[in-house]
Amino acid sequence: MRHRVAVIFWLAVGAVPAAAGGDVVLQGEYIFRAAGCAVCHTDEKHHGAPLAGGRALKTPFGTFYTPNITPDPETGIGKWTEADLARALREGKDDEGENLYPSFPYTSYTHLTDADVHAIWTYLSGRPPVHQKNKPHDLPWYLRFRPLIGIWKALFFQPGVFQPHPDQSSAWNRGAYLATAVSHCGECHTPRNALGGLERELNCAGNRDGIDGAVAPNITPDKPTGIGHWSQSDLAEYLETGMTPDGDYAGDLMADVIDDSTSHLTKDDRLAIAKYIFSLPAVENEIKHEMHPHKKKKEKKENYD
Amino acid sequence: MQVKTRSVLAIGTVLAILTPVLLHAAEPEDIIKYRKNMMKAIGAHMAAAGAIIQGKVDYKSQLSEHTNAVQALTWDIPGLFPKDSDFGDTQAKDEVWSNRAEFEKRAQTVKVRAEAFAKAVKTGNPQIIATDFKQLGEGCKSCHDDFRKKEDN
């Protein structure tokens, strides 16, 4: 019986509206968008070709340049098989079995369902190929040694497909799946320890050292320091239009996420994500605005001289 | 006649001395505070307008107050970002000044859309109002996307 319940939830989680028509490409496009792949794999700032990579991700561990994921055989992933892509998403390894840096959030994508991985492959392999060489990452010398990633994985990487929670509603499970496996909210909104592993007890409680020096706010339902003063529909609305309940508009990386990813989801999926986010433990964690060193008056003045 | 010329000269001299002082009277910190308050005011009116448009509250008769306010407050956004107001307690990215043409273009888009939104409310057509509201919001977001650093909630 328990098994059957699990199977039913399983189906609920994997069901995508586009799949109703049986069109795998549409399902792939939907999940691909929900997963925000294009946000990082397109260098929008420099008008780069879609999915041809080259976008710089500045992190406290160095600058990563996202790779070309178009089906170009020479510079993209044109020689990859579906199994190669599945291995990258599930195990964080490239087509030659080499470890990938966790700046590629396989820590989340490992939870994708088989059907969604297949759909992503079907969609992605049909994208127009773009010939654009990958830029090498700009990392400190001690991080250039890829076998180190193996140790990192042993410490912080928990592979495995998303397991639905039978005690929760199908909407909650859908939201949990989208938030943790697909949209990977926690990858930016959870602080990392000195080794770059997510601090699980501070799940989604905000990250001061976000990508490109941005601060990812606390999105747990804590009232004073998180988004506890929002309603679930406020959050769903924010993921659609970018407007907070105070009438402020999302900026920086989150504006890209909304434009390229969450605004394309169905309303039900946005509400499901909101339902899940509001079920997270409220963590009191003030993410204070701190002046960036380069913004300090003194240094700036010196620049003017 | 001579007296008049002299007094004109005197006033002119006083003005010539005072003008630079007057122009530079504003401290960058105060400008930053002022523009943050302006942005908050715009946000408050946008949130209020959104609540009415979505039917969360029934203050339809007051919608135009909010749209007129947004139109007035977005009239000269680049003017809120003068030179030298780029350091201190600000979330403005350096690009506001280094990529000024693009910044002004986006601000102009917001201005035009705020006007359109105010006009739409006068038509009373809920569909046009909703569309123009959404477009204006996209204008706000497009500027925040590239010209504001996310540093707090």
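This short talk describes the fold of chains A and B, beginning with the overall makeup and moving to particular elements.

A word on conventions: the model is predicted, so local features need pLDDT of at least 70 and side-chain atom pairs count only at pLDDT 80 or more, while totals for chains, interfaces and linings use all residues. Residues are numbered from 1 along each chain as its sequence is written, and chains are lettered from A and ligands numbered from 1 in the order in which they are written.

Let me start with the composition. Chain A contains 13 helices and 2 strands; helices here are DSSP runs of H or I with at least four residues, strands are runs of E with at least two, and both are numbered from the N terminus. Chain B has 6 helices and 0 strands, and its pattern along the sequence reads α-α-α-α-α-α.

Of the 305 residues in chain A, 41% are buried, and of the 153 residues in chain B, 32% are buried. A residue is called buried if 20 or more other C-beta atoms lie within 10 Å of its own, exposed if 12 or fewer do, and partly exposed in between, with C-beta atoms placed from the backbone.

For contacts, the criterion is that the C-beta atoms of two residues, placed from the backbone, lie within 7 Å. Among contacts in chain A with a separation of 6 or more, 63% are between residues 24 or more positions apart. In chain B, among contacts between residues at least 6 apart, 69% join residues at least 24 apart.

I turn now to the core. Which residues have the most contacts inside the largest nonpolar core? They are I31(A), I120(A), V182(A), L235(A), I273(A) and F117(B), in a core of 87 residues. Such a core is a set of buried Ala, Val, Leu, Ile, Met, Phe, Trp, Tyr and Cys residues joined through C-beta atoms within 7 Å. Helix α5 of chain B, residues 100–123, gives the most to this core, with 8 residues. As for L235(A), leaving aside neighbours within four places in sequence, its contacts are I227(A), W230(A), A274(A) and I277(A).

The next element is helix α2 of chain A, residues 24–34, in which 8 of the 11 residues are buried. These are Q27(A), G28(A), E29(A), Y30(A), I31(A), F32(A), R33(A) and A34(A). They pack against α3 (37–41), α6 (114–124), α8 and α11 (252–260) of chain A. After α2(A) comes G36(A), with a positive phi near 70 degrees.

Helix α8 of chain A, residues 170–182, packs on helix α12 of chain A, residues 267–277, at an angle of about 90 degrees with the axes 7 Å apart. The axes are lines fitted to C-alpha atoms, for helices over the stretch in contact, and angles run from 0 to 180 degrees between N-to-C directions. The two helices are therefore roughly perpendicular, a label that covers 65 to 115 degrees, with under 35 counted as roughly parallel, over 145 as roughly antiparallel and the rest as oblique.

On the α8(A) side, the residues making the contact include W172(A), R174(A) and L178(A), and on the α12(A) side they include I273(A), Y276(A) and I277(A). By class, this contact has 9 nonpolar, 1 polar and 3 charged residues. Ala, Val, Leu, Ile, Met, Phe, Trp, Tyr, Cys and Pro count as nonpolar, Asp, Glu, Lys and Arg as charged, and the others, Gly among them, as polar. The buried residues of α8(A) include R174(A), L178(A) and V182(A). Following α8(A) is H184(A), whose phi is positive, near 45 degrees.

The strands of chain A are β1, residues 56–59, and β2, residues 62–65, which run antiparallel and are joined by 4 bridges; strands pair if DSSP finds at least two bridges between them. A hairpin of 2 residues connects β1(A) to β2(A). T59(A) has G62(A) as its bridge partner, and A56(A) stands opposite Y65(A).

Finally, two non-glycine residues with positive phi. L51(A), at about 65 degrees, lies in the loop between α3 and β1 of chain A. It counts as buried because it has 26 C-beta neighbours inside 10 Å. D252(A), at about 55 degrees, is placed in helix α11 of chain A. With 24 C-beta neighbours inside 10 Å, D252(A) is likewise counted as buried.
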